[in-house]
Amino acid sequence: MPGSSSFTDELLTLIPRLRRFAHALARDGADADDLLQASVERALVRQDQWQPGTRLDSWMYRIMRNLWIDTARATRRRSETFVPPDAGEEVGAMGEQEASVELHHVMRAMQTLPAEQREAVALVVVEGFAYKEAAEILDVPIGTLTSRLVRGREALMTRLGEAA
């Protein structure tokens with residue numbers, strides 16, 4: 001497969017960013033890891049569908065988001081009531097406790113956002129995508145993205161203000 005090594009190398013460099021986005025979507029460590037793994041697997045299987053010269057990160061975020069939507073729909077359809085506890089979110093890295101506590105507050109606040117706002121905030125604020133790129137990834141008009149982002153930021157500021 002031509003360019004396969006370059007594809008794999010570029011994909012590997014995206015893993016940390018994709019992991020953050022998976023956590024923003026899934027809100028559960030184990031589900032996020034599963035989502036990341038499924039996304040990478042799908043990308044490798046469908047590698048021939050990616051067009052060199054286009055942005056691999058945007059393609060990967062779209063794959064991950066679509067997988068998450070599929071998973072959420074399937075879960076809803078099965079009407080399963082078992083929900084894993086949030087205890088997995090307590091697992092963290094060693095290090096600066098204040099930053100860890102602050103990050104925990106932000107993650108908790110993000111988890112309370114509606115999915116569409118959480119996606120917009122994760123892509124623009126956390127991942128640093130331009131509005132146009134994020135709108136393309138989410139397949140929404142830029143005005144819709146902006147609206148979701150504004151509402152998400154306001155909700156986060158309110159919730160974080162309440163936590164302080």
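**Aromatic pairs**

Let's start with Phe7. Phe7 is buried, at a relative accessible area of 2%. Keep in mind that this is a predicted model.

Now the ring pairs. The structure holds 4 aromatic pairs. I'll walk through two of them.

Take Phe7 and Trp50. Their ring centres sit 5.6 Å apart, and their planes meet at 50°. Under 30 degrees would be stacked and over 60 edge-to-face, so this pair is tilted. Where do the two residues lie? Phe7 is in helix 1, residues 4-26. Trp50 is in the loop between helix 2 (29-45) and helix 3 (56-78). So the pair ties together parts that are 43 residues apart in sequence.

What about Trp50: buried or exposed? Trp50 counts as buried, with 12% relative accessibility. The cut-off for buried is under 20%.

On to Phe21 and Tyr61. Here the ring centres are 5.0 Å apart. The planes stand at 65°, so this pair is edge-to-face. Phe21 belongs to helix 1 and Tyr61 to helix 3. The pair therefore ties together parts that are 40 residues apart in sequence.

Accessibility again. Phe21 is buried, with a relative accessible area of 0%. Tyr61 is buried too, with a relative accessible area of 0%.

One last item: the cluster. Which residues do ring pairs link into a cluster? They are Phe7, Trp50 and Trp59. So we end back at Phe7, the buried helix 1 residue we began with.

Terms used. Residues are numbered from 1 along each chain as its sequence is written. This is a predicted model: local features need pLDDT of at least 70, side-chain atom pairs count only at pLDDT 80 or more; totals for chains, interfaces and linings use all residues. Side-chain values use heavy atoms; hydrogens and water are left out. Rings of Phe, Tyr and Trp (its six-membered ring) pair if their centres lie within 6.5 Å; planes under 30 degrees apart count as stacked, over 60 as edge-to-face and the rest as tilted. Helices (H or I, at least four residues) and strands (E, at least two) are DSSP runs, numbered from the N terminus. Buried means under 20% relative accessible area, exposed over 50%, partly exposed in between (1.4 Å probe, protein chains only).
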